[in-house]
Every structure is written in structure tokens, then in C-alpha cells.
Amino acid sequence: MSPSGPLTALRARLDGGGRLSQRALALLSAVRFGKFVSVGVVGAVFDVTTSTVLRELGVFPELAVFIGIEVSIVVMFLLNDVWTFSGERTGGGFARLRRLVRSNLVRTGGILVQLVTFHVLYRIVAVQLTLLGIDGWFVVSKLGGIGLGMVVNYVAESLFTWRVHRGTEDK
């Protein structure tokens, strides 16, 4: 069976289905998901770098994490808007601003997943790990939160920010 076999079979089952099936079908774009993950890697670099620098400067860990998340959200939104979902966007500057606000609201679930995962790993699991004078467990905890938050964000952004399951109306 070819690598696309199971994906093709799933698409065939969902095609012609109801509204929920159409939303699921819209999420099955391997190219879009690959772009989303690539943009996520760039966002993760911004997130981890911002958070770690702030933490090393003495900012409270959870606040440093939150600021890093917001920096990465803006960076990822801009990259997703011009690359990942470029075929889904419509309108000019006001429409982009509306999508940015919607993106921040939609990513609330991913932010909460990230913050809770970070807190559990960093504060409760609390492994002592120092690498090159930097709190390595802080970075590991950040990456754990980013990984779980990415799944939530991909589904939410696809369905609510860029509305991949619809035509170009009402975006």
C-alpha cells in the first residue's frame, strides 16, 4: 500500500459527508500541515528564545513563557497568513487585522494547553537540569507545551481563523 493509501481512503470516506466530515476533510492537507509545522518551528525558536532570555534576566517563569508565546503567535500568524494559508485569505489590511485578533482568540486553547503543560513539567515534575549555565528543564518544559499546543492550534486555526472548510466567503 502506498503511503498515501490510508489518507486517500479516509478522504474518500469523508467526501460527500455532512458538515463535520467536510471540516475533517479540510484538515487533511498534508502540504498545509507541513507548512503549518514549518512555521511552528520558526515560532518555537522565537518562543523558546524570548522565554529563555526573559527567564535568565529574572522574569517570573510563567510570565516569561506567556510573553514568549505571544511573540511567537504574532510571528507565526504573519508567516501563516502569507504562506501556509495564502490561498484562504481575503481582503486587505483590515481583514488581516481581524484575522490576527481571531487568531489570538482561537489560539487561547493552545495557549492554555501550553501553559498548563509547562507548569506541570516545570513546577511539578521539576527535574534539575542545567545546560551551559541555562535552566535546561525550563527549555524542555517549554518544548513539551509547544508540542501539545501545536495540535490544538492547527485544528483551531484551520477551522476558525482561515476557515479552510469554506469557500472564500465570510473569512
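Biologist: Why does Phe118 count as buried?

Modeller: This is a predicted model, in which local features need pLDDT of at least 70 and side-chain atom pairs count only at pLDDT 80 or more, while totals for chains, interfaces and linings use all residues. Residues are numbered from 1 along each chain as its sequence is written, and side-chain values use heavy atoms, with hydrogens and water left out. Buried means under 20% relative accessible area, exposed over 50%, and partly exposed in between, with a 1.4 Å probe and protein chains only. Phe118 has 1% relative accessibility and therefore counts as buried.

Biologist: What makes the pair of Phe118 and Tyr122 stacked?

Modeller: Rings of Phe, Tyr and Trp (its six-membered ring) pair if their centres lie within 6.5 Å; planes under 30 degrees apart count as stacked, over 60 as edge-to-face and the rest as tilted. The ring centres of Phe118 and Tyr122 are 5.0 Å apart and the planes stand at 15 degrees, so the pair is stacked. Tyr122 has a relative accessible area of 11% and is therefore buried.

Biologist: Why are Phe118 and Tyr122 separated by about one helical turn?

Modeller: Because they are 4 residues apart in helix H6 (residues 108-125). Helices (H or I, at least four residues) and strands (E, at least two) are DSSP runs, numbered from the N terminus.

Biologist: Which kind of aromatic pair do Phe118 and Phe138 form?

Modeller: The pair is edge-to-face, with 5.3 Å centre to centre and 80 degrees between the planes. It links distant parts of the chain, since Phe118 lies in helix H6 and Phe138 in helix H7 (residues 136-161), 20 residues apart. Phe118, Tyr122 and Phe138 form one aromatic cluster.

Biologist: How do you know whether Phe138 is buried or exposed?

Modeller: Phe138 has a relative accessible area of 1%, so Phe138 is buried.

Biologist: Why is Ala126 called partly exposed?

Modeller: The relative accessible area of Ala126 is 41%, and Ala126 is therefore partly exposed. Ala126 is placed in the loop between H6 and strand E1 (130-131).

Biologist: What makes Leu132 exposed?

Modeller: Leu132 has a relative accessible area of 89%, so Leu132 is exposed. Leu132 is in the loop between E1 and strand E2 (134-135), and has a positive phi of about 55 degrees although it is not a glycine.
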